[in-house]
Amino acid sequence: MFSYVARQPIFNRRQQTIGYELLFRDGECNAFPVIDANEATCRLVLENYMAIGNERTFKGLRNFINFPQNCLVNLMPLLLPKNKVVIEILETCIPNDELFSAIKHLYKKGYIIALDDFEYDVRWQRFFRYVHIIKLDLLMLGLEKACDFVRNNRHIKMKFLAEKVETYAAFQASLDAGFDFFQGYYFSRPEVLKHRKVAASELITIQLLQAISCESVDFDNIENIISSDVSLSYLLLRYVNNANRRLIEPISSFHQALVYLGEEKLRMFVGVVATAHAALDKPKALYALSLQRAKMCEELINYSTSMIPKEQAFLAGMFSLLDALLDSSLADLLILLKLQPHIQASLLYRQGELGQVLNLVDAFDKADWQQVAIECSGLGLSEQQVQESYLQAVTWAENCTQLDYSNE
């Protein structure tokens, strides 16, 4: 199963690309589908931003993202790094007190705010002190009216962006009028990008929603739920690393990720996942095997004398099949996750004690008993302990997935 996004570049007065507007798509047809605006924004944020990362697809430039009323009032933009996005207030938004408070809060948090497809209404006047960019649709307003608006409001401390610039004549006229940024077919049509969707299963989503509905969030419970779903684990670590650029140490456990995230953002994160969830188009046996390998790695560490935290062993085992689940290079995915170097080395090159543990699990899966004996000797484990770890892992993985299987 795939997700889609169209991106259209935005240029400055020197015709240099300064960012992209992200436009939701639900297929390869380059047109906005018939879908609720709130759902479209949630799916865009989750599937095309949090899951794959800004630097991988959008080359570090700012992303202009449309937010409807409910998403803004609920402060969804706080899920995204303020230095990577421009928050567009959708033209359908109502300039009431609730929206004003939300925009004021986002502004104080350091986000860049834009008014999309703006048409003057006195009710928007109080918003101006918290808005950085006004976008004017040249086709909707008319070229002359849009240019007059910019000429008459140059005293306002805001930038002006010309949308729907279709011809050289329109670009030159808007340039002369004083527009700062430009977007439209004259420069480039939206480009549709496609990638495999990363989403949580329906069962896990429901469990998470129940957990965050409590007055006080139980982080240990959240950690247990997230640890049982490989796609959600990937999304969580991807998001935390993307949102916290100044981490003192790389993330090494789900608990650490949750602490960085905090209760407020955790609630929002799960809300977005719930709105945008979809099952991965992969065999459930592969999904179950990821869980089984994670638990087996954890059990093996428990039996050994290694000082490696069991959480790191669990994480390494779970992500050891991530490339197969997401149809992407494991090296590329690990760059996005930004795990500790020794965990990455174990996954990519089977280096260190964690690498030995993964080698042991690989050999056991292949029934390569000679290699199992070699790895056991290196880790100080008995073959009986390996067998017990395997049985415990199988039981645990079956318990995690049995409800999903019962629906088939």
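Where is Lys164 found? I looked it up and found Lys164 in the loop between β7 (159-163) and α7; helices (H or I, at least four residues) and strands (E, at least two) are DSSP runs, numbered from the N terminus.

**Ground rules.** I am working with a predicted model, in which local features need pLDDT of at least 70, side-chain atom pairs count only at pLDDT 80 or more, and totals for chains, interfaces and linings use all residues. Residues are numbered from 1 along each chain as its sequence is written, and side-chain values use heavy atoms, with hydrogens and water left out.

**Positive phi.** I noted that Lys164, a residue other than glycine, has a positive phi near 55°. Its relative accessible area is 39%, so Lys164 is partly exposed (buried is under 20% relative accessible area, exposed over 50%, partly exposed in between, with a 1.4 Å probe and protein chains only). Gln15 also went into the notebook: its phi is positive, near 60°, and Gln15 is not a glycine. I placed Gln15 in the loop between β1 (2-11) and β2 (17-25). Gln15 is partly exposed, at a relative accessible area of 43%.

**Whole chain.** I recorded 19 helices and nine strands. The chain has 408 residues, and 56% of them count as buried. I then took the contacts (heavy atoms within 4.5 Å) between residues at least 6 apart in sequence; 66% of these join residues at least 24 apart.

**Cores.** I looked up the nonpolar cores, meaning sets of buried Ala, Val, Leu, Ile, Met, Phe, Trp, Tyr and Cys residues joined through side-chain atoms within 4.5 Å. The largest has 117 residues, and Phe179 and Phe319 touch the most other members. Helix α12 (residues 284-303) gives the most to this core, with eight residues. Another core, of seven residues, lies apart from it and includes Ile10, Phe64, Ile133 and Leu161. Leaving aside neighbours within four places in sequence, I listed the contacts of Phe179, among them Arg13, Leu136, Phe160, Leu161 and Ser174.

**Helix α12.** Since 15 of the 20 residues of α12 are buried, I put it down as largely enclosed by the rest of the structure.

**α6 and α7.** Helix α6 (residues 143-152) and helix α7 (residues 168-177) pack at about 20°, with axes 9 Å apart; axes are lines fitted to C-alpha atoms, for helices over the stretch in contact, and angles run from 0 to 180 degrees between N-to-C directions. The contact is made by Leu143, Cys147, Val150 and Arg151 of α6 with Ala170, Ala173, Ser174 and Ala177 of α7.

**α16 and α17.** Helix α16 (residues 341-349) packs against α17 at about 30°, with the axes 8 Å apart. I therefore have α16 and α17 as roughly parallel to each other. His342, Ile343, Ser346 and Leu347 of α16 meet Leu354, Gly355 and Leu358 of α17. Leu354, Gly355 and Leu358 are among the buried residues of α17. I noted that Ala367, with a positive phi near 60°, follows α17.

Conventions:
Angles under 35 degrees count as roughly parallel, over 145 as roughly antiparallel, 65 to 115 as roughly perpendicular and the rest as oblique.
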